[in-house]
Amino acid sequence: MIAHEILETKLINQYSKIYSIFAQNNALKLNLSEDNTINGLIQDVKSNNANSTYKKEIITPYNTLKTGDYITHTCNGKSINYIIESQIDTEIGCDKAYLLECPFSVKIFDWNFTDIREYPISLKTNNGSLGVTEGAIAITANSSFDIIIKYDEHTRSFVKSDNMINGIEHAKIMRVLIDGMAFSVVGVNHLISEGLLVISIENTNINSADNLDLGVADYTTYYREPIDYNKLINDEIIKYETTANVTKDILANTDITNTIKKLKTGQTANTGINVYVSAVDADNLLTLTDGVVTLTSQIPFEGLDNLTTVTLIFTAGGISKTLLVNITIEKQDEVITDEDIVNAEMLKYNSSAVIAKDVIANTDVTSTVFKMIDGQTANPECNVIVSSVDIDALLTLTGGVITLTDIIPFEATDNTTTVTLSFTKGTVTKTLLVNVTITKQDEVAPPNLVITGNYEDLCIGDTNEYTINTTNPVIWGVSNENNGLTLNTTGTSNICTVTAKSDTNLIGKQETLTATVNGFNYTYIIYIVSMI
């Protein structure tokens, strides 16, 4: 514990000494900004494998720098640009990082292809490791080396062929000018360290598109005449209506964005300018959610406040301007009661429905039965639910979902039922009975099946076998089974036997053998005779 306190005191004292040097003839600018000066100490690197002319060490207070930042050091009237090359090493009381001197710079187009940005660059041989073997590099014909530059949204154009800046797509930068010489970009790497971009370049020829005076390669290829975005936006603003009217028939929660953000008749929007609703008045008459404006509620006849405002914002080229639109919300013609709302809502729904014969059992038929008349819009102020279905079990209601219990066969007689809808507003509840017709299945002709026996007559004490020509399940039956005849079947086989008991009193009688297949009955006459 004592050793820890001694070490901490020593480090704090060491930092105090370093910090006191920060202000001694060390005018440091951060990221080339005249208004962004910082305290810091730049000193030579104590290392045998680094050239101290091109590599330095910087010590600053906590959280001052990050990798890729530029530092401008002015001493004795001379300014030198550096770039932060390494991850920040946080020590007691300060941060420490390595700097690379940037003796040259490259110029590229800004987002608008009109203005020019200048980035200081550090040089390194492309066969060395970053931050280790930097040294003086002679730029001659056929030179090939790497440059180190800050990686941001603008220099990303060295990496991407479709880099978007302020909504404008930028072509990939393939050539640069350095100190009046042209170089081709042959490789890029932005993954070495966050905030840094390493670009491999090789010497090439000046071409007619290069602007040597401005120091920008391929200048005439990409240059655009400057755009007056102020005028462009002003011209767009006058195309829009400054007043809007929300009619009394518009219901609560209806999207009215296109009503209030509206071009004047005959005007066409400039697609290069983004126009959206940025705010609505705080009177709660309108609601703004993700750029969509809705009517909070209808204005009752007795209401007082039906005037409000909406703010449109127009943006382009980094410039934004606003337009205030005055909104009038029409009141209702008269006082509307809860009962009026319920009665009006009931008229919007179909009072009859048909469930087609192709709908199978257990199908959800809610949308077929619980259905608005075409062209109608629900009033969110009125709650509408399915409250019940008829007790005939043709339909089932579970959790607000209506299902068809079973199909209606052709021979059935009951294929109509009812569903009850409930409409509620406040304390008022009314119901609407929906008559539902369930279409029967089509009549199906029975298949042509025939029962055959091994003998036409059945003698007393004998057993005959009978067969019906189907593979479907068969249910067999015989008349007078308890008065001397015995029916023998195996499950639902298409084969059975009938035995005439020896004590039967059915001699000379005709009995009927029945086979039921898929609901259809087929018969065979059995003649009971004495022993021959």
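Glu236 is found in helix α3, residues 229–237. Helices here are DSSP runs of H or I with at least four residues, strands are runs of E with at least two, and both are numbered from the N terminus. The model is predicted: local features need pLDDT of at least 70, side-chain atom pairs count only at pLDDT 80 or more, and totals for chains, interfaces and linings use all residues. Residues are numbered from 1 along each chain as its sequence is written, and side-chain values use heavy atoms, with hydrogens and water left out.

Is Glu236 buried or exposed? Glu236 is buried, at a relative accessible area of 1%. Buried means under 20% relative accessible area, exposed means over 50%, and partly exposed lies in between (1.4 Å probe, protein chains only). A polar atom of the Glu236 side chain lies 3.0 Å from the backbone nitrogen of Asn270. Not counting residues up to four places away in sequence, Glu236 touches Ala269, Asn270, Ile273 and Phe314. Contact means heavy atoms within 4.5 Å.

Phe314 leads on to the aromatic rings. Phe314 pairs edge-to-face with Tyr240, at 5.3 Å centre to centre and 80 degrees between the planes. Rings of Phe, Tyr and Trp (its six-membered ring) pair if their centres lie within 6.5 Å; planes under 30 degrees apart count as stacked, over 60 as edge-to-face and the rest as tilted. This pair links distant parts of the chain, 74 residues apart. Tyr240 sits in the loop between α3 and β17 (243–246), and Phe314 in strand β21 (residues 307–316). Both Tyr240 and Phe314 are buried. The structure holds 10 aromatic pairs. Elsewhere, one aromatic cluster is formed by Phe109, Phe113, Tyr219, Tyr222 and Tyr223.

Strands β9 (104–109) and β14 (175–178) each supply at least two lining residues. The largest share, 3 residues, comes from β9.

Now the lysines. Lys29 is found in strand β1. At 17% relative accessibility, Lys29 counts as buried. The side chains of Lys29 and Glu34 are joined by a polar contact of 3.0 Å. Such a contact is a pair of N or O atoms within 3.5 Å; within protein, one must be able to donate a hydrogen and the other to accept it, and residues adjacent in sequence count only if both atoms are side-chain atoms. Beyond its neighbours within four places in sequence, Lys29 is in contact with residues including Asn36, Tyr70 and Thr72. Lys55 lies over the face of Tyr98, at 4.8 Å from the ring centre. For that, NZ of Lys or CZ of Arg must be within 6 Å of the ring centre and within 35 degrees of the ring normal.

Last, the backbone. Most residues other than glycine have a negative phi. Asn31 has a positive phi, near 55 degrees. Asn31 is found in the loop between β1 (27–30) and β2 (37–38), and is partly exposed at 29%. Asn63 also has a phi near 55 degrees. Asn63 is found in the loop between β4 (55–60) and β5 (70–75), and is exposed at 73%.
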